[in-house]
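Some labels in a structure description rest on set criteria.

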Amino acid sequence: MRDAMSKLVSFRGDGCRAKEVTGRTVLAWLVAFFAIVAAVNVVLIRAAVSTYGGLETESSYQAGLAFARETADARAQDALHWRVDARLSPVRDGAADLVIDARDAQGRPLAGLAATARLVHPADARDDHVVALRRTSPGEFRGVTLAAAGQWDLVIELARDDKRVFRSRNRVMLH
């Protein structure tokens with residue numbers, strides 16, 4: 001019975017003799033497995049490090065002070081009760097037209113302001129770009145920019161005498 005059992009174990013189903021698994025074979029497979037895992041890790045780590053477009057903060061104290069200033073500016077902005085509307089629409093070949101309309105609490109166009117706008121990519125800061133705006137009438141600004149389809153943060157800032165008096169950041173979708 002023992003001889004019959006050893007013959008069953010030593011033959012594959014197709015009648016060929018099975019190759020014996022030795023310690024050397026196991027070691028070779030084990031080394032090959034971990035070499036493949038290490039190679040894949042190297043490739044993925046390199047891709048992650050070379051494509052990182054995130055933000056870094058050099059000083060959390062300075063970041064905290066900037067946050068306090070932003071909070072105070074937001075309260076002052078809310079007290080103005082201004083209405084600033086923006087329309088971003090695709091026009092041609094990846095270009096988008098931006099129209100900003102700024103009005104005071106009584107609905108009158110705001111005069112004497114300078115406007116800046118940026119399209120900020122939510123995942124990769126390297127894709128951010130400034131939208132060149134021109135004043136078309138009091139309180140109205142227009143600009144055209146190249147922007148790929150997808151989600152963007154539209155950041156609008158209005159300034160008077162080089163002091164920012166309004167800031168808005170809204171998520172927009174370009175099709």
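Q: What makes β3 and β7 count as paired strands?
A: In this predicted model, 7 bridges join β3 (residues 114-120) to β7 (residues 150-160), and the two run antiparallel. Pairing needs at least two bridges found by DSSP, so β3 and β7 count as paired.

Q: Which residue of β7 is the bridge partner of Ala117?
A: The partner of Ala117 is Ile156.

Q: Which order do the strands of the open sheet follow?
A: The sheet has 4 strands in the order β4-β3-β7-β8, with antiparallel pairing. From one strand to the next, the twist averages 25°.

Q: Why are β4 and β8 said to stand at the edges?
A: Each has a single partner strand, so one side of β4 (129-131) and one side of β8 lack a neighbour in the sheet.

Q: How do you know that Glu70 and Lys163 belong to the lining of the largest pocket?
A: A lining residue has an atom within 4 Å of a pocket point. Glu70 and Lys163 are listed in that lining, as are Asp73, Gln77 and Phe166, among others. The pocket's volume is about 180 Å³.

Q: Which elements give two or more residues to this lining?
A: They are α3 (60-80) and β8 (163-174). The most comes from α3, with 6 residues.

Q: What makes up the lining of the largest pocket by residue class?
A: The lining divides into 5 nonpolar, 1 polar and 5 charged residues. Asp, Glu, Lys and Arg count as charged, so Glu70, Asp73, Lys163, Arg164 and Arg167 fall in the charged class.

Note on methods: Residues numbered from 1 in each chain as written. Predicted model: local features only at pLDDT ≥ 70, side-chain atom pairs only at ≥ 80, totals over all residues. Heavy atoms only, no water. 1 Å grid on protein atoms, 1.4 Å probe; cavity = no way out; pocket = protein on both sides within 12 Å on 5 of 7 lines; lining within 4 Å. Points joined across faces, edges and corners; volume = space filled by probe spheres on them. Axes fitted to C-alpha atoms, helices over the stretch in contact; angles between N-to-C directions.
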